[in-house]
Amino acid sequence: IGFLELCSNKDGTEAIVLEAVRAILSLPNIKESLIQNSLKQLIRLLSLSNKNCIRYGALKTLNEVCTEYSSSLALDIFVDLEKIIEKDKSILNVSFRSVALSIFLKVSRYLSDNRLEKMLKMITDQFSLFKEELKVEIITICNNISQKNESKYKIYFSFYLSLMKLESSESTKIQLIETIKWYINNTLEYKKQGIMCLAEFMEDCPYEKIKIIILDILGKESANISYKNQII
């Protein structure tokens, strides 16, 4: 441990620092101070290094550990992530942006509503530029996070409705519909709005499979909406 800590010193060669930090974070039962120092070193490499391979290595390492250390990372890293996501929207930078998005979404539960809304709007604005695999990953990560955080329901639900209006493949749309279906099945507040969104989308939907999925949802849930409205 002592040798790795020495190698992770900020004055060392960037490649050595990166590999030392990666090794430290892979060890069990390490001291909190060492964890914090390792995370700070990764953020430093990400923001200050002039070498793309070092910056990408730091980004990938952060993505690997951010779920475990998300509360420690949230306050320190989101500014750097925003810079990566906003900078150079060309295809050449898609790998950096993809990993940065993944990290941001994983630590988003610890961010303020304003910061989260800003980032989700940025994702929405760039959504059409992403590969379908990344679109599905974004939806999946958001789904896993939002379902566990009721205070963020409104923000994420609005985000999903916005994505429904954007162009994407059949498989991506199905993933998104399943996400909205969860809100329909599990929340009263967003049930009617979710049903109306799916019904509106189905009118011009070119995919027969999606039409069947939506019709099944409408058949099971629309009567419940009508009944509850009458009671109210």
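Start with helix α3, residues 32–48, and helix α4, residues 52–65: their axes come within 8 Å and cross at roughly 140 degrees. Keep in mind that this is a predicted model. The α3–α4 crossing is left-handed.

Who meets whom? From α3 we have L39, L42, L45 and L46. Facing them in α4 are I54, R55, A58, L59, T61, L62 and V65. By class, that contact counts nine nonpolar residues, one polar and one charged.

Now the loop between α3 and α4. S49 sits there. Is S49 buried or exposed? Buried: its relative accessible area is 6%, and the cut-off for buried is under 20%. The S49 side chain reaches the backbone nitrogen of K51 at 3.1 Å. Leaving out residues up to four places away in sequence, S49 touches E14, R44, I54 and R55. Two of these, I54 and R55, also belong to the α4 side of the helix contact.

Next pair. Helix α8 covers residues 132–146, and helix α10 covers 170–186. They pack at an angle of about 10 degrees, axes 9 Å apart. Angles under 35 degrees count as roughly parallel, so α8 and α10 are roughly parallel to each other. The crossing of α8 past α10 is left-handed.

On the α8 side, the contact residues are E132, K135, V136, I139, T140, N143 and S146. On the α10 side, they are T172, Q175, L176, T179 and Y183. By class, this contact has four nonpolar, six polar and two charged residues.

That's the tour. Over to you.

How values were computed:
Residues numbered from 1 in each chain as written. Predicted model: local features only at pLDDT ≥ 70, side-chain atom pairs only at ≥ 80, totals over all residues. Heavy atoms only, no water. Axes fitted to C-alpha atoms, helices over the stretch in contact; angles between N-to-C directions. Helix = DSSP H or I, 4+ residues; strand = E, 2+ residues; numbered from the N terminus. Parallel < 35°, antiparallel > 145°, perpendicular 65-115°, else oblique. Left-handed = near helix turned anticlockwise from the far one by under 90°. Contact = heavy atoms within 4.5 Å. Nonpolar A, V, L, I, M, F, W, Y, C, P; charged D, E, K, R; others polar. Buried < 20%, exposed > 50% of the residue type's maximum accessible area, 1.4 Å probe, protein only. Polar contact = N/O pair within 3.5 Å; in protein donor to acceptor, adjacent residues only side chain to side chain.
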